[in-house]
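The sequence and the three-dimensional structure are shown first, and the description follows.

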Amino acid sequence: ALGADRLDQAVREAYEQGWLGTNIKGSGMDLDVVVHRGAGAYIAGDETGLLSSLEGERAMPRVKPPFPAAEGLYASPTVVNNVESLSNIAWIISNGADAFKAVGTPKSPGTRLFSVSGHINRPGVYEVELGYPWMKFLDEDCGGVPHGRAIKCVVPGGVSSKVLTGADIANLKLSHEDLWDAGSTLGSGGMIVIAEGTCMVALLQVLMRFYHHESCGQCTPCRHGTGWLHRILDRIVAGDGRADDIERLYYISKFNDGTTICGLGDAAGYACSGILDKFRDEFEYCIEHKRAKFGGN
């Protein structure tokens with residue numbers, strides 16, 4: 001609500017100053033901006049789901065092709081971009097491509113916004129030059145982990161990006177190429193810091209509950225797959241895990257990949273398999289001993 005209110009205010013000010021509306025500053029150009037609030041569905045982040053929401057329908061992703069650039073909002077050609085991309089375009093037009101590429105790395109020019117949360121002393125949204133040392137960012141800019149706890153792992157770019165351990169990120173830089181080489185991605189920039197002592201079984205249970213809840217139910221692999229992942233994790237956490245549950249989690253994650261209209265089913269599988277790859281021992285312990293290896297959070 002706060003973000004929408006501020007955007008509404010900015011749009012009103014732009015109209016008052018003559019930067020929006022009819023014949024902008026005598027240029028002969030007309031441009032109107034309408035702020036449309038969705039209902040909060042995660043899948044409205046998919047470009048076609050967003051268009052469905054704008055049209056007053058449920059935010060259900062559409063089969064592509066046709067792509068929005070050919071047939072989008074109300075079947076008209078539509079360009080869909082996020083705010084960060086649009087802000088970069090405006091800066092590049094004003095300052096030039098060479099000035100933009102002067103910041104960052106050759107393969108990852110410019111800056112990125114990172115929304116940092118979790119076990120961190122100074123959570124918030126940071127604009128960071130790509131190529132910046134990751135641990136320097138967390139320790140110095142974000143104030144480090146509370147109470148001096150070590151970093152167990154980090155979700156780099158939203159929960160669909162595979163987790164990286166504290167050891168994995170020790171010498172990494174915040175760049176696309178560093179994350180690709182490490183087996184993950186910068187994704188949306190939604191970074192979650194997780195401290196030592198956190199139970200990864202319980203954490204994955206929370207993530208799968210989220211994906212199960214946010215599935216629109218349109219695609220069978222996602223509708224059933226996210227539910228199975230969630231229920232299996234519930235059972236393991238309750239102490240009723242079975243010896244083959246880990247392989248079953250991998251199996252479902254694999255067959256969610258590339259079998260759905262949007263990326264939600266894929267993302268659930270990436271989150272699940274990524275945590276299993278790094279912390280399988282905790283799941284094996286929980287299944288064998290019927291309790292978590294770590295009880296902290």
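## A bent helix

The expected span of a helix is 1.5 Å times one less than its number of residues. Helices (H or I, at least four residues) and strands (E, at least two) are DSSP runs, numbered from the N terminus. Helix α11 contains 26 residues, and a straight helix at 1.5 Å a residue would reach 38 Å, but the end C-alpha atoms of α11 are only 32 Å apart. A bend of about 90° is found in α11 at F279, the bend at a residue being the angle between axes fitted to the seven residues ending there and the seven starting there. After α11 comes K290, which has a positive phi near 60°.

## Basis of the description

The model is predicted: local features need pLDDT of at least 70, side-chain atom pairs count only at pLDDT 80 or more, and totals for chains, interfaces and linings use all residues. Residues are numbered from 1 along each chain as its sequence is written, and side-chain values use heavy atoms, with hydrogens and water left out.

## The chain as a whole

The chain holds 11 helices and seven strands. Its C-alpha trace spans about 75 × 45 × 35 Å along the principal axes. The accessible surface of the chain is about 16,000 Å², and carbon and sulfur atoms account for 55% of this surface; accessible areas come from the Shrake-Rupley method with a 1.4 Å probe, and for residues only the protein chains shown count as cover.

Of the 297 residues, 40% are buried. Buried means under 20% relative accessible area, exposed over 50%, and partly exposed in between (1.4 Å probe, protein chains only). A contact means heavy atoms within 4.5 Å. Among the contacts in the chain with a separation of 6 or more, 55% are between residues 24 or more positions apart.

## The sheet

An open sheet is built from five strands in the order β2-β1-β7-β4-β5, with mixed pairing. Two strands pair if DSSP finds at least two bridges between them. The edges are taken by β2 (124-129) and β5 (164-165), each with a single partner strand, so one side of each has no neighbour in the sheet. Strand β1 (residues 111-118) pairs with β2 in the antiparallel sense over six bridges, and S115 has V125 in β2 as its bridge partner.

Strand β4 pairs with strand β7 (residues 190-195) in the antiparallel sense over four bridges, where V155 is partnered by I192 of β7. β4 and β5 also run antiparallel, joined by two bridges, and C153 has T165 in β5 as its bridge partner.

Five of the five residues of β4 are buried. K152 belongs to this strand and is buried, with a relative accessible area of 5%. Leaving out residues up to four places away in sequence, the contacts of K152 include T165, E196, F279 and E282.

## Nonpolar cores

A nonpolar core is a set of buried Ala, Val, Leu, Ile, Met, Phe, Trp, Tyr and Cys residues joined through side-chain atoms within 4.5 Å. The largest such core has 36 residues, and those with the most contacts inside it are M208, Y211, L249, I275 and F283. At least two residues of this core come from each of β4 (151-155), α8 (200-214), α9 (220-237), α10 (245-256) and α11 (264-289). Helix α11 gives the most, with 11 residues. Another core, of 22 residues, lies apart from it and has V116, Y126, C142 and L172 among its members.

F283 lies in helix α11 and is buried, at 0% relative accessibility. Not counting residues up to four places away in sequence, F283 touches M200, V201, L204, L233, I246, I275 and L276. F283 and V201 are 82 residues apart along the chain, and their C-alpha atoms are separated by 6.1 Å.

## Backbone features in the loops

The loop between α2 (47-54) and α3 (83-95) contains P65, which is joined to K64 by a cis peptide bond with omega about 0°. The peptide bond from P65 to P66 is cis too, with omega near 5°. A75 lies in the loop between α2 and α3 and has a positive phi near 65°, although it is not a glycine.

N23 is located in the loop between α1 (2-16) and α2. Its phi is positive, about 50°, in a residue that is not a glycine. N23 is partly exposed, with a relative accessible area of 39%.
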